[in-house]
Amino acid sequence: MSSYSIIWTVKELHLSDGTTIAYRICGEGKPLMFLHGLGAESSMFQPQQEFFSQHYQVIIPDLRGNGQSGELTCHPDTVLDQQTHDIIELIDHLGLSEVVVVGVSYGGVVSMHLLARYRSRIAAAVLCDTFSSTVQHPVLNCLVKLMLPLSKIGWLMDLATTGFYKRWPLASAYFHWLFWHLRGNEVVLQRKAILSIDYRAELRQVTQPILCLAGKSARGSSLVKMMRTTEAQLAHCSSFVIKNSFDPSNLCQPERFNQLVDQFLRQHYID
């Protein structure tokens with residue numbers, strides 16, 4: 001599959017502060033919520049929607065500031081608080097007591113923020129191609145700050161990543177589509193929000209089952225190193241490295257990603 005099409009009907013929830021978030025929902029069974037990467041949106045999980053909606057109620061929101069959801073205008077320090085509060089409003093709107101969250105990249109950070117602030121609403125979590133702390137990497141953070149103005153220029157991001165992702169046609173096709181629909185200023189705002197995060201202490205209090213996944217490509221294992229830092233904090237964690245993959249592994253290696261998540265859910269989430 002080398003093309004990427006947007007095929008779902010979008011629902012809209014009016015939030016308590018007057019804005020809206022868009023979300024997709026399909027299937028029946030226990031609720032499974034997918035949280036997308038930085039600047040992305042819910043169609044990033046098209047292969048997962050098709051696979052998991054056969055056995056679960058799949059819920060995929062566009063985080064505020066992304067996709068078809070409302071504008072993100074808060075201070076960088078409160079971005080994650082705002083986005084996770086939106087998710088809780090959506091969970092309440094759907095009449096759910098708890099969900100399993102599957103967060104990829106930035107979505108993994110949002111998932112950890114949920115575990116830190118709303119732990120009782122999270123039954124289990126999958127954290128993929130993500131990181132629990134950026135304070136350990138001051139040099140990298142400086143480079144990210146320098147690159148911030150460029151990250152909102154969609155055509156430039158498309159040009160910069162085309163060569164790297166060509167080995168993964170589905171991911172390549174998605175990013176080519178995404179970068180021409182990028183909400184640039186809000187991408188920068190969200191990138192600023194994760195420049196100084198550190199969830200290591202909060203993760204030590206988590207008792208829910210957690211699955212950590214990380215892609216590893218021929219160009220390096222940085223995602224694996226970040227995953228090891230995260231899993232070291234967790235009491236009930238299993239982890240796997242997805243070979244020949246990169247962020248986002250759910251698009252680079254969707255079949256392997258789906259298999260690993262499905263195994264985890266069957267072990268920890270099905271009665």
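Predicted model: local features only at pLDDT ≥ 70, side-chain atom pairs only at ≥ 80, totals over all residues.
Local features need pLDDT of at least 70 and side-chain atom pairs pLDDT 80 or more, while totals for chains, interfaces and linings use all residues. Numbering starts from 1 along each chain as its sequence is written, and side-chain values use heavy atoms, without hydrogens and water.

Q: In what order do the eight strands of the open sheet lie?
A: Strands (E, at least two residues) and helices (H or I, at least four) are DSSP runs, numbered from the N terminus. Two strands pair if DSSP finds at least two bridges between them. The pairing here is mixed, and the order is S1-S2-S4-S3-S5-S6-S7-S8.

Q: Which are the edge strands?
A: An edge strand of this sheet pairs on one side only.

Q: Which residue of S5 is the bridge partner of Met-33?
A: S3 (residues 31-35) runs parallel to S4 (residues 57-61), joined by three bridges, and Met-33 stands opposite Ile-59 there. S3 also runs parallel to S5, with four bridges. In S5, the partner of Met-33 is Val-101.

Q: Why is S5 described as largely enclosed by the rest of the structure?
A: Buried means under 20% relative accessible area, exposed over 50%, partly exposed in between (1.4 Å probe, protein chains only). Val-99, Val-101 and Gly-103 point one way from S5, Val-100, Val-102 and Val-104 the other way, and all are buried. S5 is largely enclosed because the buried residues number six of the six.

Q: What angle does the direction of helix H11 make with that of S7?
A: Axes are lines fitted to C-alpha atoms, for helices over the stretch in contact; angles run from 0 to 180 degrees between N-to-C directions. Contact means heavy atoms within 4.5 Å. H11 (residues 254-268) packs on the sheet, touching S3, S5 (99-104), S6 (122-128), S7 (210-216) and S8. Its direction makes with that of S7 an angle of about 165°.

Q: Is Ser-69 buried or exposed?
A: Ser-69 lies in the loop between S4 and helix H2 (79-93). Leaving aside neighbours within four places in sequence, its contacts include Thr-20, Asp-62 and Arg-183. Its relative accessibility is 5%, so Ser-69 counts as buried.

Q: What is the volume of the largest cavity?
A: On a 1 Å grid over the protein atoms alone, a cavity is a set of points where a 1.4 Å probe fits but cannot get out; a pocket is an open set with protein on both sides within 12 Å along at least five of seven lines; lining residues have an atom within 4 Å of a point. Grid points are joined across faces, edges and corners, and a volume is the space filled by probe spheres set on the points. Leu-127, Thr-130, Cys-212, Leu-213, Met-227 and Thr-230 line the largest cavity. Its volume is about 30 Å³.

Q: Which element gives the largest share of the lining of the largest pocket?
A: This pocket has a volume of about 1300 Å³ and is lined by 40 residues, with Leu-38, Ser-105, Arg-191, Phe-246 and Asp-247 nearest its centre. Elements giving two or more residues include H4 (138-147) and H7 (184-193). The largest share, five residues, comes from H5.
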